[in-house]
Amino acid sequence: MASLDDLKKRIASVKSTQKITKAMKMVAAAKLRKAQESAEKGRPYSEKMNNIILNLSSGVSDKENAPKLLSGTGNDKVHLCVVMTSDRGLCGGFNSNIIKKAKSYFSKILSEGKELKIITVGSKGNDQLKRMYGDKIIENISFKESKNANYFDADKVGKIVIDKFESSEFDICTIFYNQFKNVITQIPQAQQIVPLNSEDSEDNTSEESYEFEPDEDEILSNLLPKNISTQIFKAMLENSASEQGSRMSAMDNATRNAGEMVDKLTIQYNRSRQAAITKELIEIISGAESL
Amino acid sequence: MSEEFKIEIVNPEKSFLVKDDVSEVVVPAYEGEMGILKDHISIISFLKPGIIKILSKSGDESYYVEDGIVEFKNNTLSILTSSILNIADIDKSKQQDLLKLAEEESNKDKKSDQSNYLINQKIEVLKTLN
């Protein structure tokens, strides 16, 4: 049985932990609002980009000569996976959800006898993956210095992917990230970006014909690399909103749990205090009786 | 009959500019400057470094861009670009910075003709900004 002093100390320490988690929740909530805002602001760009590419690719007449980024290399032997996670912990299941999704995809690919290459974005993903798939990780990128997700960083990742594609180091590229639904729910996503998978995007191509300057092929081959960076940027924005949301709800839970713990400990403390008083009283009374 | 159409400039971070009283826009398209008026045919093109001029009722504006895509459809001009600056915001030092960056890039070797051309274009445009 813990002594009164021990209990007092524990209550104090749980209370201070509660203060920290509460503060972290507040910070996450403030950051979440910002991240959500920039995710919303970034949406028109990627939507417009998608529309233009859809319009263009539906107009490409001969699939044979279409740019490789659109039609693929014709193989599916080497898979490149870009796993995007956060650089900081204490955000609930955020990172492990992505990792779980990615791992199940990895084992599927490996069991099919295909080659796997991994690029990790964010240090947490690298930490969790290097034990099992250390030899498969070819690059680890982390943007600890940049405060917010910005296009410049996304472009860097995009350029790496394109470079690797041009030196034909992979056939299919998939990015893993968390899609932000709301504060409680984030859905881990696997999105194929090379070759472009136009099936899962809704068909809103117009029949209208465009004039192209220069020709379609040249525009497409210019646009597709940009689209990769844009998709990665979109994933980064979704990810940062998800991270803050996830952290907020995790810290909210932690604060509540700490409150419950304080209540429980306080009851225990009061009980043992009362027990000590009662014991003392009994001793005094029985002492007086014996006189 | 109004002779006005809508323009939207978006960059990856936000919607940069939306205006719906534009009478004419001149964009530095890949194959030369292109003036766009109302009821232009639907067109997709991309941009080389240059200056976008927007003429509208509420005042004329100019922007410096390095790259991007233009789409004109149903009297809406959409410009997607990752680098756009209002000419009014570019002062002497900013211009010098950009020029220096561009010159550094042009001094790197191992480049395709196309990127060479774009860099030179960029330097040219930057020099005219004063």
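**Figure 1. Leu80(A) and its bridge partner in strand S4 of chain A.** Leu80(A) has Cys173(A) as its bridge partner in S4(A). This is a predicted model, in which local features need pLDDT of at least 70, side-chain atom pairs count only at pLDDT 80 or more, and totals for chains, interfaces and linings use all residues. Residues are numbered from 1 along each chain as its sequence is written, while chains are lettered from A and ligands numbered from 1 in the order in which they are written. Another bridge partner in S4(A) is Ile172(A), which faces His79(A) in the pairing. Strand S1 (residues 78-84) of chain A and S4(A) run parallel, joined by five bridges. Strands are DSSP runs of E with at least two residues, helices are runs of H or I with at least four, and both are numbered from the N terminus. Two strands pair if DSSP finds at least two bridges between them.

**Figure 2. The hairpin of S4(A) and S5(A).** Five residues lie between the two strands of this hairpin. S4(A) runs antiparallel to strand S5 (residues 186-194) of chain A, and eight bridges join them. Phe176(A) has Ala190(A) as its bridge partner in S5(A). Strand S4 (residues 172-180) of chain A has eight of its nine residues buried, so it is largely enclosed by the rest of the structure. A residue is buried if 20 or more other C-beta atoms lie within 10 Å of its own, exposed if 12 or fewer, and partly exposed in between, with C-beta atoms placed from the backbone.

**Figure 3. The open sheet of chain A.** Five strands take the order S3-S2-S1-S4-S5 (chain A), with mixed pairing. Strand S3 (137-141) and S5 of chain A stand at the edges with a single partner strand each, so one side of each has no neighbour in the sheet. On average, neighbouring strands of this sheet are turned by 20 degrees against each other, direction ignored. Helix H5 (residues 151-166) of chain A packs on the sheet and touches S1, strand S2 (115-121), S3, S4 and S5 of chain A. The direction of H5(A) makes about 175 degrees with that of S1(A). Axes are lines fitted to C-alpha atoms, for helices over the stretch in contact, and angles run from 0 to 180 degrees between N-to-C directions.

**Figure 4. Leu4(A) in helix H1 of chain A.** Leu4(A) sits in helix H1 (residues 4-59) of chain A. Leu4(A) counts as exposed, with 12 C-beta neighbours inside 10 Å. Leaving aside neighbours within four places in sequence, Leu4(A) is in contact with Tyr269(A), Ser272(A) and Arg273(A). Two residues are in contact if their C-beta atoms, placed from the backbone, lie within 7 Å.

**Figure 5. The contact of chain B with chain A.** Each side has its own count: 21 residues from chain B and 21 residues from chain A. Strand S2 (15-29), strand S4 (43-47), strand S7 (68-73) and strand S8 (76-80) of chain B are the elements that give two or more residues to the chain B side. S4(B) gives the most to that side, with four residues. Strand S6 (residues 211-213) of chain A pairs with S4(B) in the parallel sense, over three bridges. Glu211(A) has Ile43(B) as its bridge partner in S4(B).
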